[in-house]
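Please keep the sequence and the model in view while reading.

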Amino acid sequence: MKTYHDITGDGGSDVLGQVTARARAIARALAGVGRLVAVGSGKGGVGKSTVTMALARALAEAGGRVTILDADLNGPSQARLAGLEGRPWIPGDRGLVPPRRDDGIAVLSMGSLLPAATPLEFDTVSSGEQQTWRATRELAMFAEILAGTDWGELDVLLLDLPPGTERTVQFAEMLSALGRVGFVMVTLPSAVSRGVVARTLSALAPLAGPLAENGLELLGTVENMAGYYCKDCGQVKPLFPEAAPGEEIPLAAECLARIPFDPELAALCDRGWPAGPLPEALRDLEPLARRLLASTVTEKEEVPR
Amino acid sequence: MKFLCVSCDEPMKLQTVDNSGGGSLSVVYACPRCDHQIAMLTNPLETEMVQSLGVKIGPGEGAGAQAPVAAAGSEAVNETGAPTSGSGCPFSGMVAQMQAEAASDGPQWTAEALSRLDNIPELVRPMAKQGIEHYARTEGLAEIDEEVLEHARGRFGM
(Lines give C-alpha, C1' and ligand atoms only; values in the text may rest on other atoms or scores of the structure.)
Protein backbone atom coordinates (compact mmCIF):
# COMPACT_ATOMS: atom_id res chain seq x y z
CA MET A 1 0.00 0.00 0.00
CA LYS A 2 1.25 3.49 -0.86
CA THR A 3 2.52 5.71 1.93
CA TYR A 4 2.14 9.46 2.33
CA HIS A 5 5.45 10.14 0.59
CA ASP A 6 4.53 7.95 -2.39
CA ILE A 7 1.68 10.29 -3.30
CA THR A 8 2.31 13.56 -5.08
CA GLY A 9 0.02 16.46 -4.22
CA ASP A 10 -2.92 16.42 -1.85
CA GLY A 11 -5.68 15.44 -4.24
CA GLY A 12 -6.99 18.90 -5.06
CA SER A 13 -6.49 21.82 -2.67
CA ASP A 14 -2.72 22.02 -3.17
CA VAL A 15 -2.23 23.53 0.27
CA LEU A 16 1.55 23.41 -0.01
CA GLY A 17 1.30 25.15 -3.38
CA GLN A 18 -0.80 27.89 -1.81
CA VAL A 19 1.74 28.37 0.97
CA THR A 20 4.56 28.55 -1.58
CA ALA A 21 2.59 31.00 -3.71
CA ARG A 22 2.04 33.23 -0.70
CA ALA A 23 5.76 33.20 0.11
CA ARG A 24 6.50 34.21 -3.48
CA ALA A 25 3.89 36.96 -3.33
CA ILE A 26 5.54 38.35 -0.19
CA ALA A 27 8.96 38.22 -1.84
CA ARG A 28 7.60 40.06 -4.88
CA ALA A 29 5.92 42.71 -2.73
CA LEU A 30 9.13 43.28 -0.76
CA ALA A 31 11.43 43.24 -3.78
CA GLY A 32 12.00 46.99 -3.60
CA VAL A 33 12.69 47.04 0.14
CA GLY A 34 16.33 47.36 1.14
CA ARG A 35 15.94 45.86 4.55
CA LEU A 36 13.35 45.09 7.19
CA VAL A 37 13.88 46.18 10.77
CA ALA A 38 11.61 44.69 13.41
CA VAL A 39 11.23 46.66 16.63
CA GLY A 40 10.22 44.36 19.46
CA SER A 41 10.81 43.75 23.10
CA GLY A 42 9.00 40.88 24.73
CA LYS A 43 7.97 43.30 27.46
CA GLY A 44 4.86 45.39 26.94
CA GLY A 45 4.63 49.09 27.65
CA VAL A 46 8.29 49.88 27.10
CA GLY A 47 7.67 52.19 24.15
CA LYS A 48 8.19 49.97 21.12
CA SER A 49 5.83 52.05 19.01
CA THR A 50 7.35 55.32 20.15
CA VAL A 51 10.84 54.05 19.38
CA THR A 52 9.64 52.78 16.00
CA MET A 53 8.25 56.18 15.04
CA ALA A 54 11.31 57.90 16.46
CA LEU A 55 13.58 55.65 14.40
CA ALA A 56 11.47 56.34 11.32
CA ARG A 57 11.89 60.05 11.91
CA ALA A 58 15.64 59.64 12.28
CA LEU A 59 15.82 57.54 9.11
CA ALA A 60 13.75 60.05 7.15
CA GLU A 61 15.88 62.95 8.37
CA ALA A 62 18.97 61.04 7.25
CA GLY A 63 17.48 60.83 3.77
CA GLY A 64 15.98 57.36 3.98
CA ARG A 65 12.76 56.20 2.43
CA VAL A 66 10.89 54.52 5.23
CA THR A 67 7.51 52.92 5.90
CA ILE A 68 6.13 51.58 9.16
CA LEU A 69 3.99 48.46 9.30
CA ASP A 70 2.17 48.20 12.62
CA ALA A 71 2.33 44.46 13.20
CA ASP A 72 0.36 44.76 16.41
CA LEU A 73 -2.91 44.13 14.61
CA ASN A 74 -5.06 44.14 17.73
CA GLY A 75 -3.20 46.83 19.64
CA PRO A 76 -2.34 49.32 16.93
CA SER A 77 -0.89 52.65 17.93
CA GLN A 78 1.07 53.83 14.91
CA ALA A 79 -1.88 55.51 13.19
CA ARG A 80 -2.40 57.77 16.20
CA LEU A 81 1.33 58.38 16.64
CA ALA A 82 1.57 59.33 12.99
CA GLY A 83 -1.56 61.45 13.00
CA LEU A 84 -3.13 59.20 10.38
CA GLU A 85 -6.22 57.94 12.19
CA GLY A 86 -9.23 57.68 9.94
CA ARG A 87 -7.21 57.81 6.72
CA PRO A 88 -8.71 55.32 4.25
CA TRP A 89 -6.61 52.55 2.73
CA ILE A 90 -6.63 53.01 -1.03
CA PRO A 91 -6.40 50.06 -3.42
CA GLY A 92 -3.75 50.77 -6.04
CA ASP A 93 -2.71 48.91 -9.17
CA ARG A 94 -0.21 46.79 -7.26
CA GLY A 95 -1.84 46.46 -3.86
CA LEU A 96 -2.75 48.50 -0.87
CA VAL A 97 -1.25 51.99 -0.76
CA PRO A 98 -0.26 53.01 2.79
CA PRO A 99 -1.23 56.50 3.99
CA ARG A 100 1.74 58.87 4.11
CA ARG A 101 2.72 61.71 6.42
CA ASP A 102 3.90 65.10 5.26
CA ASP A 103 7.51 64.11 5.99
CA GLY A 104 7.21 61.14 3.61
CA ILE A 105 6.90 58.42 6.24
CA ALA A 106 4.15 55.98 5.22
CA VAL A 107 2.33 54.09 7.94
CA LEU A 108 0.14 51.02 7.61
CA SER A 109 -1.70 50.47 10.87
CA MET A 110 -5.00 48.88 11.78
CA GLY A 111 -5.49 52.03 13.81
CA SER A 112 -6.40 53.78 10.57
CA LEU A 113 -9.36 51.45 10.19
CA LEU A 114 -10.29 50.49 13.74
CA PRO A 115 -12.08 53.08 15.85
CA ALA A 116 -10.55 53.51 19.31
CA ALA A 117 -11.73 50.92 21.84
CA THR A 118 -12.84 48.59 19.02
CA PRO A 119 -11.01 45.28 19.10
CA LEU A 120 -10.19 43.21 16.06
CA GLU A 121 -12.66 40.35 16.46
CA PHE A 122 -12.10 37.13 14.60
CA ASP A 123 -15.52 35.58 14.10
CA THR A 124 -15.55 32.01 15.22
CA VAL A 125 -17.60 28.85 15.03
CA SER A 126 -15.48 27.11 17.66
CA SER A 127 -16.39 29.26 20.62
CA GLY A 128 -14.15 28.72 23.62
CA GLU A 129 -11.32 27.26 21.53
CA GLN A 130 -9.96 30.42 19.97
CA GLN A 131 -6.67 30.14 21.80
CA THR A 132 -5.78 27.23 19.54
CA TRP A 133 -5.81 29.23 16.33
CA ARG A 134 -5.73 32.98 17.07
CA ALA A 135 -1.94 33.30 16.88
CA THR A 136 -1.85 31.38 13.60
CA ARG A 137 -4.56 33.55 12.11
CA GLU A 138 -2.82 36.71 13.24
CA LEU A 139 0.36 35.62 11.47
CA ALA A 140 -1.59 34.58 8.37
CA MET A 141 -3.23 38.00 8.28
CA PHE A 142 0.14 39.67 8.75
CA ALA A 143 1.52 37.63 5.83
CA GLU A 144 -1.42 38.61 3.67
CA ILE A 145 -0.85 42.30 4.43
CA LEU A 146 2.85 41.93 3.60
CA ALA A 147 1.97 40.32 0.26
CA GLY A 148 -0.92 42.61 -0.61
CA THR A 149 0.68 46.01 -0.08
CA ASP A 150 2.47 48.16 -2.61
CA TRP A 151 5.59 48.95 -0.57
CA GLY A 152 7.35 50.58 -3.48
CA GLU A 153 11.07 51.38 -3.32
CA LEU A 154 12.13 51.65 0.32
CA ASP A 155 15.38 51.77 2.21
CA VAL A 156 13.82 50.43 5.39
CA LEU A 157 10.50 48.84 6.26
CA LEU A 158 10.05 49.14 10.01
CA LEU A 159 7.88 46.53 11.72
CA ASP A 160 6.35 47.52 15.04
CA LEU A 161 5.89 44.13 16.72
CA PRO A 162 3.28 43.22 19.35
CA PRO A 163 4.45 42.58 22.94
CA GLY A 164 5.25 39.20 24.45
CA THR A 165 8.27 36.95 24.26
CA GLU A 166 6.34 34.13 22.60
CA ARG A 167 4.85 36.36 19.89
CA THR A 168 8.22 38.01 19.29
CA VAL A 169 9.75 34.60 18.62
CA GLN A 170 6.83 33.63 16.35
CA PHE A 171 7.29 36.77 14.28
CA ALA A 172 11.06 36.26 14.23
CA GLU A 173 10.68 32.72 12.87
CA MET A 174 8.31 33.89 10.18
CA LEU A 175 10.38 36.95 9.24
CA SER A 176 13.68 35.10 9.15
CA ALA A 177 12.46 33.30 6.03
CA LEU A 178 12.21 36.65 4.25
CA GLY A 179 15.88 37.49 4.73
CA ARG A 180 17.53 40.88 5.38
CA VAL A 181 15.63 41.28 8.67
CA GLY A 182 17.21 43.07 11.61
CA PHE A 183 15.82 43.06 15.13
CA VAL A 184 15.97 46.02 17.51
CA MET A 185 14.84 45.23 21.04
CA VAL A 186 13.45 47.98 23.24
CA THR A 187 13.86 47.96 27.00
CA LEU A 188 13.48 50.24 29.99
CA PRO A 189 16.32 50.62 32.47
CA SER A 190 14.23 48.77 35.11
CA ALA A 191 15.19 45.29 36.28
CA VAL A 192 11.73 43.96 35.39
CA SER A 193 12.03 45.13 31.80
CA ARG A 194 15.64 44.07 31.37
CA GLY A 195 14.79 40.63 32.75
CA VAL A 196 12.08 40.03 30.16
CA VAL A 197 14.18 41.45 27.33
CA ALA A 198 17.15 39.30 28.39
CA ARG A 199 14.91 36.23 28.19
CA THR A 200 13.56 37.28 24.79
CA LEU A 201 17.08 37.85 23.47
CA SER A 202 17.99 34.33 24.59
CA ALA A 203 14.95 32.95 22.79
CA LEU A 204 15.90 34.79 19.60
CA ALA A 205 19.57 33.83 19.71
CA PRO A 206 19.16 30.45 17.93
CA LEU A 207 17.45 32.22 15.02
CA ALA A 208 19.94 35.03 14.64
CA GLY A 209 23.37 35.33 13.14
CA PRO A 210 25.22 37.16 10.40
CA LEU A 211 22.61 38.47 8.01
CA ALA A 212 24.03 36.82 4.93
CA GLU A 213 23.81 33.37 6.57
CA ASN A 214 20.68 33.50 8.68
CA GLY A 215 18.45 36.18 7.22
CA LEU A 216 17.87 37.51 10.73
CA GLU A 217 20.31 39.75 12.54
CA LEU A 218 20.01 40.85 16.15
CA LEU A 219 21.05 44.47 15.77
CA GLY A 220 20.92 45.43 19.43
CA THR A 221 18.82 47.21 22.02
CA VAL A 222 17.41 50.69 22.47
CA GLU A 223 16.99 51.82 26.05
CA ASN A 224 13.85 53.91 26.31
CA MET A 225 13.10 56.26 29.21
CA ALA A 226 16.79 56.33 29.94
CA GLY A 227 16.46 59.24 32.28
CA TYR A 228 14.28 62.33 32.22
CA TYR A 229 14.96 65.04 29.68
CA CYS A 230 14.66 68.46 31.30
CA LYS A 231 14.00 70.98 28.59
CA ASP A 232 14.78 73.89 30.90
CA CYS A 233 18.35 72.89 31.61
CA GLY A 234 18.88 70.48 28.68
CA GLN A 235 20.11 67.84 31.10
CA VAL A 236 19.06 64.20 31.40
CA LYS A 237 18.26 63.27 34.99
CA PRO A 238 17.77 59.79 36.47
CA LEU A 239 14.29 58.28 36.13
CA PHE A 240 14.87 54.75 37.42
CA PRO A 241 17.06 53.78 40.36
CA GLU A 242 20.40 52.39 39.34
CA ALA A 243 20.87 48.68 39.94
CA ALA A 244 23.00 47.83 42.93
CA PRO A 245 26.51 46.62 42.09
CA GLY A 246 26.37 42.98 41.10
CA GLU A 247 22.60 43.06 40.48
CA GLU A 248 22.64 44.44 36.94
CA ILE A 249 20.87 42.25 34.41
CA PRO A 250 23.16 41.94 31.40
CA LEU A 251 21.67 42.00 27.91
CA ALA A 252 23.32 39.90 25.25
CA ALA A 253 23.17 42.64 22.65
CA GLU A 254 24.80 45.98 21.95
CA CYS A 255 23.00 49.06 23.26
CA LEU A 256 22.39 51.10 20.13
CA ALA A 257 20.81 54.17 21.64
CA ARG A 258 19.40 55.64 24.84
CA ILE A 259 16.28 57.77 24.66
CA PRO A 260 15.34 59.92 27.65
CA PHE A 261 11.74 60.46 28.68
CA ASP A 262 10.51 63.77 27.33
CA PRO A 263 7.05 64.98 28.47
CA GLU A 264 6.60 66.91 25.25
CA LEU A 265 7.18 63.77 23.19
CA ALA A 266 4.79 61.86 25.42
CA ALA A 267 2.11 64.45 24.71
CA LEU A 268 2.78 64.19 20.97
CA CYS A 269 2.24 60.43 21.13
CA ASP A 270 -1.42 61.13 21.88
CA ARG A 271 -1.84 63.96 19.39
CA GLY A 272 0.28 62.64 16.55
CA TRP A 273 3.84 63.66 15.88
CA PRO A 274 4.04 66.52 13.40
CA ALA A 275 6.64 66.54 10.68
CA GLY A 276 9.71 68.58 11.46
CA PRO A 277 13.26 68.35 12.74
CA LEU A 278 14.15 65.41 14.95
CA PRO A 279 13.56 66.41 18.60
CA GLU A 280 16.69 66.79 20.69
CA ALA A 281 15.75 63.86 22.94
CA LEU A 282 15.93 61.51 19.95
CA ARG A 283 19.34 62.53 18.62
CA ASP A 284 20.93 59.35 20.00
CA LEU A 285 19.09 57.44 17.26
CA GLU A 286 20.95 59.22 14.48
CA PRO A 287 23.98 56.87 14.40
CA LEU A 288 21.66 53.85 14.25
CA ALA A 289 19.71 55.44 11.40
CA ARG A 290 22.90 56.16 9.46
CA ARG A 291 24.15 52.63 10.11
CA LEU A 292 20.92 51.09 8.84
CA LEU A 293 20.94 53.17 5.69
CA ALA A 294 24.60 52.42 5.03
CA SER A 295 24.09 48.68 5.49
CA THR A 296 21.03 48.72 3.27
CA VAL A 297 23.08 49.49 0.19
CA THR A 298 25.46 46.60 0.80
CA GLU A 299 22.73 44.14 1.66
CA LYS A 300 20.73 45.00 -1.42
CA GLU A 301 23.67 43.71 -3.42
CA GLU A 302 24.50 40.71 -1.27
CA VAL A 303 21.24 39.21 -0.11
CA PRO A 304 19.44 37.20 -2.78
CA ARG A 305 15.80 38.04 -3.26
CA MET B 1 -3.50 15.38 4.39
CA LYS B 2 -3.95 12.80 1.64
CA PHE B 3 -6.47 10.02 1.12
CA LEU B 4 -5.75 6.64 -0.39
CA CYS B 5 -8.23 4.15 -1.82
CA VAL B 6 -6.97 1.01 -0.14
CA SER B 7 -8.63 -1.35 -2.61
CA CYS B 8 -7.06 0.31 -5.63
CA ASP B 9 -3.94 1.66 -3.88
CA GLU B 10 -4.80 4.90 -5.69
CA PRO B 11 -4.64 8.48 -4.31
CA MET B 12 -8.15 9.86 -4.03
CA LYS B 13 -9.08 13.15 -5.65
CA LEU B 14 -10.93 15.99 -4.01
CA GLN B 15 -14.41 16.45 -5.48
CA THR B 16 -16.45 18.94 -3.51
CA VAL B 17 -16.28 21.06 -0.39
CA ASP B 18 -19.32 22.24 1.53
CA ASN B 19 -18.98 24.58 4.50
CA SER B 20 -22.63 25.20 5.14
CA GLY B 21 -22.80 22.99 8.19
CA GLY B 22 -22.29 25.37 11.11
CA GLY B 23 -18.53 25.44 11.06
CA SER B 24 -18.10 21.94 9.71
CA LEU B 25 -16.49 21.21 6.37
CA SER B 26 -17.78 18.30 4.32
CA VAL B 27 -14.99 17.40 1.94
CA VAL B 28 -15.71 14.65 -0.58
CA TYR B 29 -12.93 12.61 -2.17
CA ALA B 30 -13.29 9.97 -4.87
CA CYS B 31 -11.06 7.25 -6.20
CA PRO B 32 -10.32 7.98 -9.87
CA ARG B 33 -10.17 4.25 -10.60
CA CYS B 34 -13.21 2.72 -8.86
CA ASP B 35 -15.21 5.93 -8.18
CA HIS B 36 -15.58 4.99 -4.53
CA GLN B 37 -16.30 8.15 -2.54
CA ILE B 38 -15.61 9.11 1.03
CA ALA B 39 -16.44 12.28 2.96
CA MET B 40 -14.18 13.91 5.52
CA LEU B 41 -16.25 15.81 8.06
CA THR B 42 -14.49 18.31 10.31
CA ASN B 43 -15.67 19.72 13.60
CA PRO B 44 -15.62 23.53 14.01
CA LEU B 45 -12.29 23.52 15.83
CA GLU B 46 -10.64 21.41 13.14
CA THR B 47 -12.11 23.69 10.48
CA GLU B 48 -10.69 26.79 12.08
CA MET B 49 -7.32 25.20 12.71
CA VAL B 50 -6.98 24.57 8.99
CA GLN B 51 -8.48 27.86 7.90
CA SER B 52 -6.28 29.89 10.24
CA LEU B 53 -3.37 28.96 7.98
CA GLY B 54 -4.83 31.29 5.37
CA VAL B 55 -5.27 28.62 2.72
CA LYS B 56 -8.30 27.60 0.73
CA ILE B 57 -9.71 24.12 0.79
CA GLY B 58 -11.25 22.89 -2.43
CA PRO B 59 -10.58 21.71 -5.95
CA GLY B 60 -8.06 23.81 -7.79
CA GLU B 61 -8.66 25.48 -11.12
CA GLY B 62 -9.78 23.06 -13.76
CA ALA B 63 -10.87 20.47 -11.28
CA GLY B 64 -14.49 21.29 -11.89
CA ALA B 65 -17.02 21.04 -9.11
CA GLN B 66 -17.04 24.32 -7.16
CA ALA B 67 -14.93 27.21 -6.02
CA PRO B 68 -12.57 26.61 -3.11
CA VAL B 69 -13.88 27.43 0.32
CA ALA B 70 -12.08 30.53 1.49
CA ALA B 71 -10.06 30.45 4.63
CA ALA B 72 -11.62 31.95 7.69
CA GLY B 73 -11.15 35.66 7.61
CA SER B 74 -10.82 35.68 3.86
CA GLU B 75 -14.25 34.61 2.76
CA ALA B 76 -15.92 35.98 -0.30
CA VAL B 77 -17.14 39.54 -0.28
CA ASN B 78 -20.47 40.28 -1.87
CA GLU B 79 -21.20 43.26 -4.04
CA THR B 80 -21.96 45.45 -1.05
CA GLY B 81 -18.58 44.74 0.40
CA ALA B 82 -19.91 42.69 3.29
CA PRO B 83 -18.67 39.16 3.92
CA THR B 84 -21.00 36.54 2.53
CA SER B 85 -20.65 34.40 5.61
CA GLY B 86 -19.80 35.05 9.18
CA SER B 87 -16.90 32.66 9.34
CA GLY B 88 -13.99 34.93 9.90
CA CYS B 89 -13.61 38.47 8.61
CA PRO B 90 -12.35 40.41 11.61
CA PHE B 91 -14.33 43.41 10.46
CA SER B 92 -17.67 41.78 9.70
CA GLY B 93 -19.43 43.14 12.79
CA MET B 94 -18.05 46.63 12.27
CA VAL B 95 -18.85 46.60 8.56
CA ALA B 96 -22.42 45.52 9.24
CA GLN B 97 -22.81 48.37 11.70
CA MET B 98 -21.35 50.88 9.27
CA GLN B 99 -23.58 49.61 6.50
CA ALA B 100 -26.61 50.06 8.68
CA GLU B 101 -25.53 53.61 9.36
CA ALA B 102 -24.74 54.39 5.74
CA ALA B 103 -27.38 55.81 3.47
CA SER B 104 -28.95 53.25 1.17
CA ASP B 105 -28.25 55.49 -1.82
CA GLY B 106 -24.48 55.46 -1.24
CA PRO B 107 -21.93 55.93 -4.01
CA GLN B 108 -21.84 53.32 -6.75
CA TRP B 109 -18.62 51.61 -7.82
CA THR B 110 -17.60 51.23 -11.42
CA ALA B 111 -16.41 47.77 -12.41
CA GLU B 112 -12.85 49.06 -12.93
CA ALA B 113 -12.68 50.65 -9.49
CA LEU B 114 -14.20 47.58 -7.88
CA SER B 115 -11.62 45.37 -9.58
CA ARG B 116 -8.86 47.32 -7.84
CA LEU B 117 -10.10 45.91 -4.55
CA ASP B 118 -8.91 42.52 -5.81
CA ASN B 119 -5.35 43.85 -5.50
CA ILE B 120 -5.49 44.27 -1.74
CA PRO B 121 -5.67 41.69 1.06
CA GLU B 122 -9.11 40.11 1.23
CA LEU B 123 -9.19 40.57 4.97
CA VAL B 124 -9.20 44.35 4.77
CA ARG B 125 -11.29 44.79 1.61
CA PRO B 126 -14.60 45.49 3.37
CA MET B 127 -13.08 48.18 5.57
CA ALA B 128 -11.08 49.74 2.75
CA LYS B 129 -14.24 49.83 0.67
CA GLN B 130 -16.21 51.48 3.43
CA GLY B 131 -13.45 54.03 3.98
CA ILE B 132 -13.46 55.07 0.33
CA GLU B 133 -17.26 55.26 0.29
CA HIS B 134 -17.10 57.52 3.33
CA TYR B 135 -14.59 59.70 1.49
CA ALA B 136 -16.84 59.80 -1.60
CA ARG B 137 -19.86 60.81 0.47
CA THR B 138 -17.79 63.53 2.13
CA GLU B 139 -16.84 64.81 -1.32
CA GLY B 140 -20.44 64.58 -2.55
CA LEU B 141 -19.57 61.98 -5.18
CA ALA B 142 -22.23 59.60 -6.46
CA GLU B 143 -19.85 57.28 -8.25
CA ILE B 144 -16.47 55.81 -7.37
CA ASP B 145 -14.27 55.21 -10.38
CA GLU B 146 -10.51 54.91 -10.80
CA GLU B 147 -10.19 58.66 -11.03
CA VAL B 148 -11.80 59.04 -7.61
CA LEU B 149 -9.37 56.47 -6.19
CA GLU B 150 -6.42 58.37 -7.65
CA HIS B 151 -7.81 61.63 -6.32
CA ALA B 152 -8.16 60.11 -2.85
CA ARG B 153 -4.63 58.80 -3.13
CA GLY B 154 -3.33 62.28 -3.91
CA ARG B 155 -5.51 63.89 -1.29
CA PHE B 156 -4.02 61.73 1.45
CA GLY B 157 -0.45 62.10 0.20
CA MET B 158 0.02 58.52 -0.99
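How many helices and how many strands are there in chain B? In this predicted model, chain B contains 5 helices and 7 strands. Read from the N terminus, the elements of chain B follow the order β-β-β-β-β-α-α-β-α-α-β-α. Chain B has 158 residues, of which 42% count as buried. When the contacts of chain B with a separation of 6 or more are considered, 41% of them are accounted for by residues 24 or more positions apart.

Taken along the principal axes, the box filled by the C-alpha atoms of chain A is roughly 80 × 45 × 45 Å. Of the 305 residues in chain A, 48% count as buried. As for contacts in chain A between residues at least 6 apart in sequence, 81% join residues at least 24 apart.

The two chains also touch one another. In this interface, 48 residues of chain A are in contact with 57 residues of chain B. On the side of chain A that touches chain B, the elements that supply two or more residues are the helices α1 (15-29) and α4 (134-147) and the strands β3 (90-92) and β4 (95-97) of chain A. The largest share of that side, 7 residues, is contributed by α4(A). By residue class, the side of chain A that touches chain B comprises 22 nonpolar, 12 polar and 14 charged residues.

Two of the helices named above, α1(A) and α4(A), also pack against each other. Two packed helices are described by the angle between their axes and the distance between the axes. For α1(A) and α4(A), the angle is about 45 degrees and the axes are 7 Å apart.

Which residues of α1(A) meet α4(A)? They are R22(A), A25(A), I26(A) and A29(A), and their partners in α4(A) are A143(A), L146(A) and A147(A).

Key. Residues numbered from 1 in each chain as written. Chains lettered and ligands numbered in written order. Predicted model: local features only at pLDDT ≥ 70, side-chain atom pairs only at ≥ 80, totals over all residues. Contact = placed C-beta atoms within 7 Å. Helix = DSSP H or I, 4+ residues; strand = E, 2+ residues; numbered from the N terminus. Nonpolar A, V, L, I, M, F, W, Y, C, P; charged D, E, K, R; others polar. Buried ≥ 20, exposed ≤ 12 C-beta atoms within 10 Å, placed from the backbone. Axes fitted to C-alpha atoms, helices over the stretch in contact; angles between N-to-C directions.
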